[in-house]
Amino acid sequence: LGGRISSMRSLLIVMLMMVVASLLPEGAHAFFNRASSASPRSLDDASTSVQRGVYVCERKNGPFCPTGPYKSTQGVIQKKISVREKDDASIFYTNEAVDAAKKANTTLPIIARINPLYDKTLDEWNANDMRLIQHLTSFGFAVYTTTKVPRMGIFPGPERMYPKELFWDLGDHTLEGIKKISEMASSSSDDDDILSMLDASRVGVIGYSVGGSLTLRMTMEAQQQGKPVLAAVALGPTIGSERSEGGTGGRDIFTQGDGTSLVRSTLLLLAGDDDDRGGIDGVNTAFQRFVNAPRIKALVNGATHCFVSVRGAGCQNGPLGRCRECETVSVQGDTVPNVGEGCKGKCADTDLRTQAAARQMATALFVLKLYPDGSTVPPELAKYRKAAPTFVWGPAFEGSSPAKLSAVVQKDEPNPVSIKLDE
């Protein structure tokens with residue numbers, strides 16, 4: 001009898017999974033069922049990057065691929081701040097960058113980073129994307145991110161399960177956080193307080209997946225409020241479908257009205273050419289609609305949605321295991337330890353190169369746009385700022401990329417430049 005009951009339970013579970021799967025759209029099916037590409041059979045057969053779990057930068061990749069001059073040997077500092085409620089946001093920075101800014105009598109620009117809401121808490125998303133945070137802080141940026149909103153870790157099911165306002169709330173919180181930093185910075189009288197060292201007039205924003213979509217929306221909201229961001233990076237942005245087609249309805253903000261045409265912020269739009277989560281549609285739509293923004297669209301050859309090594313991102317399997325959740329480090333203390341070797345042997349070379357390319361491209365853009373005046377650049381960053389235009393516009397952008405780019409379209413006023421590297 002016990003065996004029959006166990007079999008019946010198993011059958012019921014399978015039937016329930018089949019019912020749930022039947023309700024999911026094509027993209028959600030792929031979220032759970034994506035097949036992995038072939039991986040090296042052993043770690044000895046893998047590249048040096050795979051063996052180490054992170055792309056090993058080469059000289060040809062240029063100056064923005066390795067960590068910057070303010071890498072901390074003691075870890076990144078995390079300061080929690082309160083925006084709507086106690087400790088619902090964090091600022092990440094290094095003491096080395098703060099000390100350099102003080103010596104140069106300048107301040108730190110801010111990069112707002114927006115996570116997805118799916119599958120895990122915002123703190124967990126930060127832990128899995130800590131390598132990007134550490135990379136940006138090593139170039140003298142303070143990284144702001146929301147860590148708490150009412151709904152987190154939601155089920156990655158059909159878009160129609162959720163209203164667009166659920167996702168927009170995270171973007172709104174991010175914009176409120178930048179305003180809060182501006183208020184606290186102006187009232188801070190403590191030279192040792194990081195808030196007194198932040199410049200809320202020099203803001204960039206970066207986001208992944210749904211967070212990439214919210215990044216684009218934030219550029220629109222900030223523009224309409226008269227405090228535009230200077231640059232934005234959208235990694236695999238998923239803008240969804242219209243409500244009438246079973247989506248959240250968030251897509252409408254990008255395809256209807258003239259909000260996108262008001263934006264003048266420089267945009268970097270990046271997706272994998274094998275992204276089946278909506279990233280390709282997102283970058284194409286944004287490139288077409290943000291007509292007055294200097295912008296770059298790039299697709300990464302053979303890449304999926306794996307700009308962060310997490311479950312459901314389409315990451316390929318390395319020789320020693322699955323490339324997901326492997327970057328996780330603790331972000332609960334005052335100091336965030338450097339990312340270790342959690343991804344060692346678990347990620348394929350393509351995914352490591354894709355993530356390195358995103359870090360490099362984003363950093364070059366932010367160094368260029370968030371230091372618009374040469375007088376604000378600390379001496380250690382001067383050579384990077386001088387090199388930045390080449391690595392944002394022109395052939396060096398794609399030529400130095402750790403990942404092969406199948407096509408790049410750069411549009412800066414007044415003349416566009418189209419480059420297809422496979423031809």
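The model is a predicted one. The crossing is right-handed.

Look next at the residues that make this contact. From H7 come Phe167, Trp168, Leu170, Gly171, Asp172, Thr174, Leu175 and Ile178. H8 answers with Val210, Leu214, Arg217, Met218, Glu221 and Ala222. By type, the contact of H7 with H8 holds 9 nonpolar, 2 polar and 3 charged residues. An α-helix has 3.6 residues a turn, so residues three or four places apart point the same way. With that in mind, go back to the H8 side of the contact, where Leu214, Arg217, Met218 and Glu221 are among the residues listed.

Now follow H8 itself. It has 15 residues. From first C-alpha to last, H8 reaches 21 Å, close to the 21 Å expected at 1.5 Å a residue. Most of H8 is covered, with 13 of its 15 residues buried. Just after H8 comes Gly226, which takes a positive phi of about 80 degrees.

H6 spans residues 130-137, and H11 spans residues 349-369. The two pack at an angle of about 30 degrees. Their axes lie 10 Å apart. H6 passes H11 in a right-handed crossing. On the H6 side, the contact is made by Arg131, Leu132, His135 and Leu136. On the H11 side, Arg359, Thr363 and Phe366 take part. These residues divide into 3 nonpolar, 2 polar and 2 charged.

Finally, step back to the whole chain. How many helices and strands are in the protein chain? There are 13 helices and 11 strands. The chain has 423 residues, and 54% of them count as buried. Contacts also reach across the sequence. Take those between residues at least 6 apart in sequence: 76% of them join residues at least 24 apart.

Terms used
Residues are numbered from 1 along each chain as its sequence is written. This is a predicted model: local features need pLDDT of at least 70, side-chain atom pairs count only at pLDDT 80 or more; totals for chains, interfaces and linings use all residues. Side-chain values use heavy atoms; hydrogens and water are left out. Helices (H or I, at least four residues) and strands (E, at least two) are DSSP runs, numbered from the N terminus. The expected span of a helix is 1.5 Å times one less than its number of residues. A crossing is left-handed if the near helix is turned anticlockwise from the far one by less than a right angle, and right-handed if clockwise. Contact means heavy atoms within 4.5 Å. Ala, Val, Leu, Ile, Met, Phe, Trp, Tyr, Cys and Pro count as nonpolar, Asp, Glu, Lys and Arg as charged, and the others, Gly among them, as polar. Buried means under 20% relative accessible area, exposed over 50%, partly exposed in between (1.4 Å probe, protein chains only). Axes are lines fitted to C-alpha atoms, for helices over the stretch in contact, and angles run from 0 to 180 degrees between N-to-C directions.
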